[in-house]
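Good morning, colleagues. Please look at the structure on the screen while I go through a few of its features.

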Amino acid sequence: MTAIKHALQRDIFTPNDERLLSIVNVCKAGKKKRNCFLCATVTTERPVQVNVVKVKKSDKGDFYKRQTAWGLRDLAVVDAKDAVKENPEFDLHFDKVYKWVASSTVEKNTFISCIWKLNQRYLRKKIDFINVSSQLLEESVPSGENQSVTGGDEESVDEYQELNAREEQDIEIMMEGCEYAISNAEAFAEKLSRELQVLDGANIQSIMASEKQVNILMKLLDEALKEVDQIELKLSSYEEMLQSVKEQMDQISESNHLIHLSNTNNVKLLSEIEFLVNHMDLAKGHIKALQEGDLTSSRGIEACTNAADALLQCMNVALRPGHDMLHAVKQQQQRFSDLREQFARRLASHLNSVFVHQGHDQSSTLAQHSVELTLPNHHPFHRDLLRYAKLMEWLKNTDYGKYEGLTKNYMDYLSRLYEREIKDFFEVAKIKMTGTTREGKKFATLPRKESAVKQETESLHGSSGKLTGSTSSLNKLSVQSSGSRRSQSSSLLDMGNMSASDLDVADRTKFDKIFEQVLSELEPLCLAEQDFISKFFKLQQHQSISGTTTNEAEEMDGGTLSRSYTSGVPQTISSEKDMIRQMMTKIFRCIEPELNNLIALGDKIDSFNSLYMLVKMSHHVWTAQNVDPASFLSTTLGNVLVTVKRNFDKCISNQMKQMDEVKISKKSKVGILPFVAEFEEFAALAESIFKNAERRGDLDKAYTKLIRAVFVSVEKVANESQKTPRDVVMMENFHHIFATLSRLKISCLEAEKKEAKQKYTDHLQSYVIYSLGQPLEKLNHFFEGVEARVAQGIREEEVSYQLAFNKQELRKVIKEYPGKEVKKGLDNLYKKVDKHLCEEENLLQVVWHSMQDEFIRQYKHFEGLIARCYPGSGITMEFTIQDILDYCSSIAQSH
């Protein structure tokens, strides 16, 4: 076993820096397999790691290889099976239970004892040793292996000390003088012993010989002590002499300290005085500017601004501890406070006067804008006020109450001014929109008072909604034909040779331009005012403390700008953008109602105007949101866009409702239904308006709803029609719808276009078959009987032997239909079809050609039956296919 242990240490563990402490030869319990070794090892490097390694002989040779290794700290239980009787079996519990059978009980006990000692020395871990004799866990086994476990080797290694250089040199000299010591250690040791004895004797003799010298040294020491005593006496006398000098030097040092302290205090005092003088002294020029400065001139405003900034710096200076207790500082602070209050009051009074003057003076310029559809320009007023922007910022930082009061007054005066201007502006827009009545009267757009303008516009609104000559709106659907409606509409116009259609286009184009001009005038006005408010009131630099609700922002009265003070610091109720939006809402509170009134008027004039408004308003909302999605302009236009979209949806719903309620005349033919023609007009107009528009999706949805309603209504009218056949109504109207969709090329209605074409084709075929019927009725009944006999099983060539269907009977029937009678019947049929069809759609030739084809098909069918059932009889019809073509052609040309 020792040889195996040595071989394992050399081949396996030494290359891994491990020492083999114990080994046991084992095999797995219950299995007859080749033996292996369990080895207990420790690493040579610190920290020491203890492992249990399984080593097995290789199948390819006599060398051993490392197979599995477990850390001792992973060992939970060691089970020796029996603590009394000798038993070679034992179990080790790692991640699972490993059962082993040792080659001998002694090896097992030795290995378990080694495990216990390694655990005690390195781990101190709770490992359960079950069925193990207490002797193995307490006594040391007297073997070389266990001695190594106890750490003897390591202790000896720890106690070993290397020789220093001098010791190595001495040993080398000694070894050179005694070369034989290498071969005879005992002789070398005896020599060293004799030399040691000689050295000890020499040391004793030397000590005895030095006693006399010691006595001499003692005498010298006594004399030295006497000299020391004399020196101490002299030093004491010197110390007494220097004591008085020390006292004088202490007094001089104390005096110098007091002088230095006084100088230091004077320097600090001078520094404090200079600080107060430099930071809390306001120039006389600044004081004069604050008290008497001219707030009307640019130079005076600049001087006041500089003085206000200097005053603010003096008031905001960071005083050092104790400064606020000085009487002079308190007086200066009170003086600054009085100056601030005086100047703030004077500045607020002046700006209020400017606001009031602007509100009254601007009204004198309204008359010149009442004729043209333009809004007054406030740029000069903004330019003059922006000179006070820095003073407003100063007022905001020093006296928030007066700043808030100015803000409220500005909103009050400017809201009245803008309300007058915007209302006059919208009145002019309404007059321009309603400038032509049905009687052809035009309103004079001369300057007039606001009340007169308003009264006249209200009178226009009360005229039962008949504001223009447009009768083409979908809200004006009737059952008249297109031609009759045009003639009635044109009779109401006093516009020369201009037709109703041209007037509709002109009115709508005029409305579109007016509406676009209204929005184009409002946008720069709102943006300029918002930019001015932001710059003048310095809201972009204001830090918000808390938020406000939408209702508070909308109810913008004097209390909405109130603030609360916490330690003298104002806290606003909204953020900067909310503040700007609140001010804009108060100033331009009339824009949204006026826009809604204008939209309602446009919708009342012509419901088609909602298309123009939806496109224009969507574009302006999109533009405003790109600039600032949360701005007043974006929010207001967005709210108005909702109204426009609602009107657009209402317009579509009204068209569908009126389609459903349409009634037809029982005495006249139907022709192209009014709502079909109106849909064509609507689609053509919508395509021209919504080209490249942002809200194209809304139009596509409306198209889908309208076209389905048109389909349903056409079928409803066709079913109720008494004068015109149902197939004719369906054929003509769906042909018109298909032509319209093909011409406009509306991508979202491709499926409906195909459906319209299919319905047109189906009802054309149905009408042709129904109207043509059986022009050769007796001949048709005869051949029906022939086909019935064939169906009963009679052969076709034997039908001529039937009494009722012989050749003679066939010739009688054929003689009843000479070419002259056939032509007469076709002529009557042509007149009948002409009465059914309308001229607008021009389908007469198409229908007549289809009937011709159907008649020829019946003729060929009869000829085929004659050839099959009466072969060789020589019986033929009295007219040919060419005769049919000639009859149809001549009939069509004659009519």
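Predicted model: local features only at pLDDT ≥ 70, side-chain atom pairs only at ≥ 80, totals over all residues.

Is Cys590 buried or exposed? Cys590 counts as buried, because its relative accessibility is 7%, and buried here means under 20%.

The structure holds 0 disulfides. Cys590 is accordingly in no disulfide, and the nearest cysteine sulfur, that of Cys526, is 9.4 Å away; a disulfide would require two cysteine sulfur atoms within 2.5 Å. Cys748, at 28% relative accessibility, counts as partly exposed.

What residues form the negative patch? It is made up of Glu167, Glu168, Asp170 and Glu172. Of these, Glu172 has its place in helix H5, which covers residues 165-177.

The other patch is nonpolar, with an area of about 550 Å². Its members are Val214, Ile216, Leu217, Met218, Leu220 and Leu221. Leu220 is found in helix H7, which covers residues 211-279.

My last topic is a loop. Where does Thr876 lie? Thr876 is in the loop between helix H30, residues 844-869, and helix H31, residues 881-894. Thr876 is classed as exposed because its relative accessible area is 57%, and the cut-off for exposed is over 50%. From C-alpha to C-alpha, Thr876 and Phe862 are 9.7 Å apart in space, with a separation of 14 residues in sequence.

Thank you for your attention.

Definitions and conventions: Residues numbered from 1 in each chain as written. Heavy atoms only, no water. Patch = residues over 30% accessible without salt bridge, like charges linked within 9 Å, V, L, I, M, F, W, Y side chains within 5 Å. Areas by Shrake-Rupley, 256 points an atom, 1.4 Å probe, with all protein chains shown as cover. Salt bridge = Lys/Arg side-chain N within 4 Å of Asp/Glu carboxyl O. Lys, Arg positive; Asp, Glu negative; His and termini not counted. Charge placed at Lys NZ, Arg CZ, Asp CG, Glu CD. Helix = DSSP H or I, 4+ residues; strand = E, 2+ residues; numbered from the N terminus. Buried < 20%, exposed > 50% of the residue type's maximum accessible area, 1.4 Å probe, protein only.
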